[in-house]
Amino acid sequence: MTDFALKIRRFDPESGQPAYWADYDVDLPPERSVLDGILQVKDREDASIAIRCSCRAAICGSCGVKINGQSALACNTRIGEAAERARDGAITVEPMGNMPVLKDLVTDMEAVHWKKIRRVVPWLLPAEDPPEGEEYIVPPESMLDVTQSMACIQCGACVSACLSLEVDPDFIGPAALAKAYRFVGDPRDGETESRLKDLAEDPHGIYDCTHCFACVEVCPKDVAPMNQIMRLRRRATNDFGIKDSNNGYGHEKAFVNILEKWGTLFEAQLLPRSFGDGSLIKGQLRPSGAKQLTESLPTVIAGLRSGKVSPKKALVHPKLPDQKQVRRIIHEIESKDERLELNLYIVGEMGEESE
Ligand code: SF4
Ligand code: SF4
Ligand code: FES
């Protein structure tokens, strides 16, 4: 047995008092979980601590909290390891972020998480009736492609950690967009294009993600929600050529054109080229591009004043010495008729019968 110090965030809406931190001591073997620690406190000291839990085996997804500031499942986090990462000697446990707190460690999943999941129509919309008396036959590789998003246990840890959601609470968010890919990637679904159009056109949709990787880091099931969002984007732009009013399509083209030309990102040209679907001149001539450029002037002026931007940096960008190689790779990829995307989530060896 080892002694551990737990600092739990307490909040009781009925008390009329603000939230506060309470200190507790537990004794457990270090390989036991933080959830075991909380349950020991409930058992021995204060039964009124509110926490959701059920399976205690990282399956039901109900014990999401923040441990030492990081979103995680309490039952899937060893108390000994959490203590090693704890600042000031005490493991902090608080409710998940980006969701209202109902009591102590219990958040209102319905108000945020489940509402967003419903937003993406999380069920199959088949193109046609199933063949009479038969099952749909789906190619195994298609199912492999969606397996990763199917592994989600709806714990909300990614929602809690998402930096975009912190800034824009209307962002559909990582868990719901990962769920959206589960159906976009399913060959039986008949609404692939309309689903993608909807998610691309929504100002809080697939282009609202800032690639911060937080959802990838915290997900206990390796769903990598950000990767599913990138898949949705690739399908929307590459496969369906959806030109959205959020300019996501143009932004992607601008990135590719800049890399093709210089080999590294030329920040000063990203915005104007994004409004011209990759072309600098078109971007400057389009009314929406001119408007955005005018609106960004105060930021440019602030950058010039602080020294972060210089006229030279804004106008000249060095090419990589082997930039031709970058261009060659881009052309090679773009010349392919079909995009082959490997789901690296699936590991292991092919059995003889499936080779
Ligand atoms: S990568 Fe995107 S979806 Fe994931 S946490 Fe960051 S902003 Fe949110
Ligand atoms: S994607 Fe991962 S972190 Fe997000 S809800 Fe699903 S299992 Fe939890
Ligand atoms: S109690 Fe079920 S996931 Fe933690």
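Around ligand 1 stand 13 residues, the closest being Cys 162, Ser 164, Cys 209, Cys 212 and Cys 215. Here a residue is near a molecule if one of its heavy atoms lies within 4 Å of it. The model is predicted, so local features need pLDDT of at least 70 and side-chain atom pairs count only at pLDDT 80 or more, while totals for chains, interfaces and linings use all residues. Residues are numbered from 1 along each chain as its sequence is written, chains are lettered from A and ligands numbered from 1 in the order in which they are written, and side-chain values use heavy atoms, with hydrogens and water left out.

The shell around ligand 1 has ten nonpolar, three polar and no charged residues. In this scheme Ala, Val, Leu, Ile, Met, Phe, Trp, Tyr, Cys and Pro count as nonpolar, Asp, Glu, Lys and Arg as charged, and the others, Gly among them, as polar. Helix H9 (214-218) and helix H10 (225-239) each supply at least two residues of that shell. Helices (H or I, at least four residues) and strands (E, at least two) are DSSP runs, numbered from the N terminus.

Ligand 1 sits in the second largest cavity, and the space taken by ligand 2 is the largest cavity. A cavity is found on a 1 Å grid over the protein atoms alone, as a set of points where a 1.4 Å probe fits but cannot get out. A molecule sits in a cavity if more than half of its atoms lie within 2 Å of its grid points. The surroundings of ligand 2 include Cys 152, Cys 155, Cys 158 and Cys 219, along with Pro 220 and Pro 225. Ala 175 is also one of the residues around ligand 2. By class, the shell of ligand 2 has ten nonpolar, two polar and no charged residues.

Buried means under 20% relative accessible area, exposed over 50%, and partly exposed in between (1.4 Å probe, protein chains only). Among the buried residues of H7 are Ala 175, Leu 177, Tyr 181, Arg 182 and Phe 183.

The protein as a whole has 17 helices and seven strands. Of its 355 residues, 41% count as buried. Its C-alpha trace spans about 70 × 70 × 40 Å along the principal axes.

The strands come next. Strand S1 (residues 2-10) pairs with strand S2 (residues 20-28) in the antiparallel sense over nine bridges; two strands pair if DSSP finds at least two bridges between them. In S2, Trp 21 is the bridge partner of Arg 9. S1 also pairs with strand S5 (residues 90-94), in the parallel sense and over four bridges. There Ile 8 stands opposite Val 93 in S5. Strand S3 (residues 64-67) and strand S4 (residues 70-73) run antiparallel and are joined by four bridges. Val 65 faces Ala 72 in S4. Two residues lie between the strands of this hairpin, in which Asn 68 takes a positive phi near 50°.

Which other residues have a positive phi? Ala 58, which is not a glycine, has a phi near 60°. Ala 58 lies in the loop between H1 and S3 and is buried, with a relative accessible area of 8%. Asp 104 is not a glycine either, and its positive phi is about 40°. The loop between strand S6 (101-103) and strand S7 (106-107) holds Asp 104, which is buried at a relative accessible area of 1%. Asp 104 is also linked with Arg 10 and Asp 46 in a network of salt bridges. The structure holds 18 salt bridges, each defined by a side-chain nitrogen of Lys or Arg within 4 Å of a carboxyl oxygen of Asp or Glu. Side chains of opposite charge can pair when their charged atoms come close. In one of the salt bridges, Asp 36 and Arg 56 have their closest N and O atoms 2.7 Å apart. Asp 36 lies in helix H1 (residues 34-44) and Arg 56 in the loop between H1 and S3, so the pair ties together parts that are 20 residues apart in sequence. Asp 36 is buried, with a relative accessible area of 11%, whereas Arg 56 is partly exposed at 45%. Arg 195 and Asp 189 form another salt bridge (2.9 Å, N to O), and both of these residues are buried. Lys 336 and Glu 332 also meet in a salt bridge (3.7 Å, N to O), with Glu 332 partly exposed at 41% relative accessibility.

Definitions and conventions: On a 1 Å grid over the protein atoms alone, a cavity is a set of points where a 1.4 Å probe fits but cannot get out, and a pocket is an open set with protein on both sides within 12 Å along at least five of seven lines; lining residues have an atom within 4 Å of a point.
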